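Work through the exercises below with the model open beside you. Try each task before reading its solution.

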Protein chains: 4
Amino acid sequence: MPQQALSDLLWPGDARAGDLFGDAAVVAAMVRVEQAWLHTLSGTPVDLSGLVEPDDLPALAEESEASGNPVVPLLALLRSRLGDAGLLHAGLTSQDVLDTALVLCLRETTGRLLDEVAAQIEALCELADRHRDTPMAGRTLTQHAVPITFGLKVAGWLTGVLDARDVLAAAADLPIQIGGAAGSLAAPTALAGAPGRARDWVARTAAELGLAVREPWHTARAPFTRFADALVTCSDAWGKIANDVLVGSRPEVGEIAEGTAEGRGGSSTMPNKRNPVLAVLVRRAALAAPPLAATMHVAAANAVDERPDGSWHVEWATLRTLSRRTVVAGSQTAELLSGLTVNAARMARTLDAARPGIDAEQRKFGADAPYRGATDDIIDAVLARAARESSGRGRADRRTAR
Amino acid sequence: MPQQALSDLLWPGDARAGDLFGDAAVVAAMVRVEQAWLHTLSGTPVDLSGLVEPDDLPALAEESEASGNPVVPLLALLRSRLGDAGLLHAGLTSQDVLDTALVLCLRETTGRLLDEVAAQIEALCELADRHRDTPMAGRTLTQHAVPITFGLKVAGWLTGVLDARDVLAAAADLPIQIGGAAGSLAAPTALAGAPGRARDWVARTAAELGLAVREPWHTARAPFTRFADALVTCSDAWGKIANDVLVGSRPEVGEIAEGTAEGRGGSSTMPNKRNPVLAVLVRRAALAAPPLAATMHVAAANAVDERPDGSWHVEWATLRTLSRRTVVAGSQTAELLSGLTVNAARMARTLDAARPGIDAEQRKFGADAPYRGATDDIIDAVLARAARESSGRGRADRRTAR
Amino acid sequence: MPQQALSDLLWPGDARAGDLFGDAAVVAAMVRVEQAWLHTLSGTPVDLSGLVEPDDLPALAEESEASGNPVVPLLALLRSRLGDAGLLHAGLTSQDVLDTALVLCLRETTGRLLDEVAAQIEALCELADRHRDTPMAGRTLTQHAVPITFGLKVAGWLTGVLDARDVLAAAADLPIQIGGAAGSLAAPTALAGAPGRARDWVARTAAELGLAVREPWHTARAPFTRFADALVTCSDAWGKIANDVLVGSRPEVGEIAEGTAEGRGGSSTMPNKRNPVLAVLVRRAALAAPPLAATMHVAAANAVDERPDGSWHVEWATLRTLSRRTVVAGSQTAELLSGLTVNAARMARTLDAARPGIDAEQRKFGADAPYRGATDDIIDAVLARAARESSGRGRADRRTAR
Amino acid sequence: MPQQALSDLLWPGDARAGDLFGDAAVVAAMVRVEQAWLHTLSGTPVDLSGLVEPDDLPALAEESEASGNPVVPLLALLRSRLGDAGLLHAGLTSQDVLDTALVLCLRETTGRLLDEVAAQIEALCELADRHRDTPMAGRTLTQHAVPITFGLKVAGWLTGVLDARDVLAAAADLPIQIGGAAGSLAAPTALAGAPGRARDWVARTAAELGLAVREPWHTARAPFTRFADALVTCSDAWGKIANDVLVGSRPEVGEIAEGTAEGRGGSSTMPNKRNPVLAVLVRRAALAAPPLAATMHVAAANAVDERPDGSWHVEWATLRTLSRRTVVAGSQTAELLSGLTVNAARMARTLDAARPGIDAEQRKFGADAPYRGATDDIIDAVLARAARESSGRGRADRRTAR
């Protein structure tokens, strides 16, 4: 099924996420799960990917209300197209297919994010190193505190991004979901003739899809909540960067600015305006993300029985929205960082103007200028962490998220 | 611009909202705002509604990132189509157009919701009256408490819906937003020649759009947070109904059931299943709504300057999602209530089986059976409230939300 | 029972809320509800207020776990102290007592808030009028937009506070909760001999407590969610003010500053620091409030049966936390506004430095300087609204919240 | 300083958390941080623990408003008591002390939680094994699906608890926070004479406190958000258990029940009631937790400068509330599980009554009864995971959280 880029008029930048988690992508993922299972059961490779057309999507979406999920109408469509559907979906339950399809989409999310994060880390390392000696006023609670360097500030940004990367990597190894109607693998076992063989089918399907194996988790939703929390941890880190850029690009501060791009930052009425659009949009995403992860936890906390009566259904669109927005914000942050303009002269001027107040602590300790403490060691330590993780675990994560 | 129904595969039932708040509807609303303003300034009726085609939407969405909002690319498009754009958008700022367009979309939301709520109230009144004498076990903290009647339970549902209706009605009279670049009406005044005339322009535009007049509220966002809170208050009330239906349709309880519809409630693997799909989907909406209103408040609390650096941008998609989902849930609740099946015999059987325990309080007070207290008075009072509000203020609200 | 001021080390400023909603206040409110009901039933005035001592509170709190709410151990205590408890609590259920006690505490919250809001409005009116001609740079998306006056900005703050006041006033008329075990008034009716007399008892108890009458709302929680939403609407409005103060008191901007108070704003290490502490603490409250109202809605949406299995219990501490924090933030905002220092010279200097860019729109429209549009009309309109509401509805609200 | 148990009347069960994170505990932790730093700088062991008395707490709390945090008044008090304060607090900033004190309190939280979780796991393993052959109806979307065993259901509970334990363990290794006024270690370096020596001081202080070392994270808050997310992941898992207990203890289901304890579950008016109080209170905690973690993320996303203007202050009380409530819910869940009553006969009866519908899938696949699939393998796999983690990593985690 050809995939179209989506775009949301009310979430500017949304097109950066491309077709990620769009209806077409979700249907393709569900088809891929059914295909892998069918392959496992029949022993014969099978290609179902051409059976659903883009034109089928609206009807699928509309028909999903009757059963409460999109798997039932998808199966009806696949069966009508296949003629002989044979073992299609045999032994699975709707949640097996939809959960595993969500996992496949989230893996795509992870891959996209790790690319953006790698680009951010590269830009941040470069900035931190280049500006390790660029003095500026440190600020706490909005007021001048003590002098710092811009490189130290960037090392703080980098710490946030590296932390987010670690949290994402720890959450990224999402497992397959196959448990059958009530999580006992009863139907697969009936088909396989023995529980061990049914479990082997699960393992083989997981291997074909490149997913980890796990006991059924229909109502133990930590894999999804952990992933959602990781997405928010990413946007938290980017939000901090955006906030600093927004303060720094206030004309009265004027220390940092977004790169200029043709047509960017214009106003509908004020010819003079050059708005820090990327930072504004990243901040937007950071403000909107936390309640979405909370929604995932509210859903998890309301799980009941062998499949819950509404809280499962909450998760789908929430994961999609959170995934797309995080990918968009990651891309915008990477672009923002790569084009960042640093006005070292203005930083120096503001620092000078802040004297002698800003040097009060230095005088209290009778210390020499520049009052930079362990700035170099801290920057070096953070850069070393970035280098270490990018060369080592980074590659492993990328493999996981293929 | 012809409007297409939307549909979201991951939010089954979404199609019930039709084209509400879709990209096409939002663009149409923005065009309508520009048109009303242009009419006011030029004195000549003008029809801009045909200038934007559905095919324009993806590009508009994508281009909205450069300026951070969709108004700038929309204006470019309108100007290119108009040839001589004249006074188009003269004196307005992006936020004037987008906020007022959101208000127009929210008014459509209100109208849709009041229709659904009216249908719910009708069904609830009928149920409460019909079952005022249908005895059943009252339950608190999951345990049998004292006998009640199903009519009394329905009167409780109705109270929730009437409360929600009141809260919605109080929030529905959303005002126009016209303030110019920084809320002083500077450009409109420059064009009008005098502040009084500029304010008169605002009033005339508001009249043409059927909106209330208000001083600029670019950064005082209570109109939007109050509306979002009202939407959540609606889904809270419906969530309570859905929860009771879900408990009541558990096979071990078996007291109430969703109406059966062809193909509804089926399972992908279990031929025996008839799932209470509408209640499940309504409960889903009720669980997912509160964080969205919280998002609106987080945005409002982060307002700063004369237009905020990200928190304004948070609101747009949030209002859309919340509006569509609430309309969908309202429609599903109305259908659920109109088709509800009540098993009075089963209620009676369960009540009998709960004896003598469930009569313990009655015995404590030496009261006669049936132990129904002021049930009739309470039901009558709630029915009277429903009748009073539907005949009086109801009509006024409908007028407001035209 | 003597009440002690509380104080929370991790919520600086908490002591401003005094004993509001503390355990002692809640117990006193519960005792007052039992007393009013007992008075109604027995026809004899009775004073239970001295029966519970501060030393009783820890045991009451601890014993509340066994029954899941504090009413059961309170009744045991009252009975042990009374000797002959007679009609104490006769016909009531725990939720009747606790909900009504919460309403009494929330009424105290309302009274405290309306006092703070009145002080804020007074300060804001004075500031808006005094600075109606104080020119400054208007800012949108952090960048200079067009000139405004500080009075216009304050009029925007005032709009937010007036909106919040309206929302609070509309939510403040909280009703009594008396429904008996399952909301049918069965036990009161048994005691009264007739439903009409039972309902009359409810009305008389409500009158004694100064509360509105209402049909039982054990599981229709809009009165509480609406109140919580109103509290957040207040902190939203104050958050906007705090954000502007924080930007304005950045040394690079330097346009506004908190009043200085002995010892305020100091740092543990930097002798130079004067932090805008009040604004910081108000912003803190505004950021933390929205999720608490969402918690109330999540609770309402999970209501089930005649008393829910957990979501009722969520509300109590949530309402307390939200109430205390909002009162604290309201007090801090009032103090912040009354002591605000405005640096008009600095505003003028920044505006001049922003030229000619900031005048671009003015030039586009060929308008004369000063480019202030309808600033005076807008300020006057907002001041008039403040005056109108304070003289009229204001008094009525205060009466309601007595 | 002697610590008193706290107790919150409006959060029944709160006393289970003892003095965890109370004002006294927080002050003691701050004193311990100052003491460790002073020891490091002076080279001489010092005991500050007796300097602050319980009677000092209210004043400390009240005075914390002036500086916006409790460190400044604590230092004033310590200095007044010490006479010669010497190097007390030398080189530190308030955030260093408060953040590290929070970390110490959170470590106490972790230790308490791991104890409760270990008790839960023990009870769950026993239940899963004992009931691996206890047949019951599996339920999806409230309806009978296929037969399962109660042991399988418990294995699902156990999966949730093990997942939560893993997430908690991964978040538990919280680091020290020492960065000085703006995160550069400028003052410590001035005191130490060289950055390497200042960093060595940090390492030695961390060692004395038993904490991990880390570059300053004043505005990179993933350590705290991750911990908060882990707490919510715990209450999610317990919420699922509570929900199943609540459904199972409905009289119409009657399959499981809380253990009976003297006086537990009583009603204020209905002598017949035995409410499932522990499950109700656990469900309460699960519903209320997600918004608190969202609050931590909103705070993180609003970080700015070298110390933020409000969002830092949001974290303190949020972490406290979330910690206490999670510990309480963990304890209640452990007690609930250890006393759970299982009615196998009732389960069997319901399953029989659900036939033949519940056997429809079995018939479809022509499978023999009992239709239990891989139930034993799944239970064994989950039990093996529990055993493996308890013997291996479990011990390591406990060590970390000492």
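Two residues are in contact when heavy atoms lie within 4.5 Å. By that rule, the contact between chain B and chain C takes 79 residues from chain B and 78 residues from chain C. Keep in mind throughout that this is a predicted model.

**Exercise 1. Describe the interface of chain B with chain C, then that of chain D with chain A.**

Step 1. Start with area. The size of an interface is often given as the accessible area lost when the parts come together. Chain B and chain C bury about 6,200 Å² between them. Carbon and sulfur atoms account for 62% of that area.

Step 2. Count the charged pairs. There are four salt bridges between chain B and chain C.

Step 3. Look at one pair. B:Arg214 forms a salt bridge with C:Asp163, with the closest N and O atoms 2.4 Å apart. B:Arg214 sits in the loop between α7 (195–209) and α8 (222–248) of chain B, and C:Asp163 in helix α5 (residues 150–171) of chain C. Both B:Arg214 and C:Asp163 are buried.

Step 4. Turn to chains D and A. Here 78 residues of chain D touch 78 residues of chain A. The buried area is about 6,200 Å², with 62% from carbon and sulfur atoms. Four salt bridges are counted between chain D and chain A. One pair is A:Arg214 with D:Asp163, at 2.4 Å between the closest N and O atoms.

**Exercise 2. Outline chain A as a whole.**

Step 1. List the elements. Chain A has 15 helices and four strands.

Step 2. Along the principal axes, its C-alpha atoms fill a box of roughly 80 × 50 × 35 Å.

Step 3. Check burial. Chain A has 402 residues, and 70% of them count as buried.

Step 4. Check contact range. Take the contacts in chain A between residues at least 6 apart in sequence: 77% join residues at least 24 apart.

**Exercise 3. Classify the packing of α9 and α10 in chain B.**

Step 1. Read the geometry. Helix α9 (residues 277–288) and helix α10 (residues 290–301) of chain B pack at about 25°, with axes 4 Å apart.

Step 2. Apply the cut-off. Angles under 35 degrees count as roughly parallel. Therefore α9(B) and α10(B) are roughly parallel to each other.

Step 3. Name the contact residues. α9(B) supplies B:Ala286, B:Leu287 and B:Ala288, while α10(B) supplies B:Pro290, B:Pro291 and B:Leu292. Six are nonpolar, none polar and none charged.

**Exercise 4. Examine some backbone exceptions.**

Step 1. Recall the rule. Most residues other than glycine have a negative phi, and most peptide bonds are trans.

Step 2. Inspect phi. A:Asp305 is not a glycine, yet has a positive phi of about 60°. A:Asp305 lies in the loop between α10 (290–301) and α11 (311–338) of chain A, and is buried at 2% relative accessible area. B:Leu185 also has a positive phi of about 60°. B:Leu185 lies between α5 (150–171) and α6 (186–192) of chain B, in a loop, and is buried at 3%.

Step 3. Inspect omega. The bond joining C:Arg355 and C:Pro356 is cis, with omega about 5°. C:Pro356 is in the loop between α12 (344–353) and α13 (360–364) of chain C. The bond from C:Ala369 to C:Pro370 is cis too, with omega near -10°. C:Pro370 is in the loop between α13 and α14 (375–391) of chain C.

Notes
Residues are numbered from 1 along each chain as its sequence is written. Chains are lettered from A and ligands numbered from 1 in the order in which they are written. This is a predicted model: local features need pLDDT of at least 70, side-chain atom pairs count only at pLDDT 80 or more; totals for chains, interfaces and linings use all residues. Side-chain values use heavy atoms; hydrogens and water are left out. Axes are lines fitted to C-alpha atoms, for helices over the stretch in contact, and angles run from 0 to 180 degrees between N-to-C directions. Helices (H or I, at least four residues) and strands (E, at least two) are DSSP runs, numbered from the N terminus. Angles under 35 degrees count as roughly parallel, over 145 as roughly antiparallel, 65 to 115 as roughly perpendicular and the rest as oblique. Ala, Val, Leu, Ile, Met, Phe, Trp, Tyr, Cys and Pro count as nonpolar, Asp, Glu, Lys and Arg as charged, and the others, Gly among them, as polar. Buried area is the accessible area (1.4 Å probe) that two parts lose on being put together, summed over both. A salt bridge is a side-chain nitrogen of Lys or Arg within 4 Å of a carboxyl oxygen of Asp or Glu. Buried means under 20% relative accessible area, exposed over 50%, partly exposed in between (1.4 Å probe, protein chains only).
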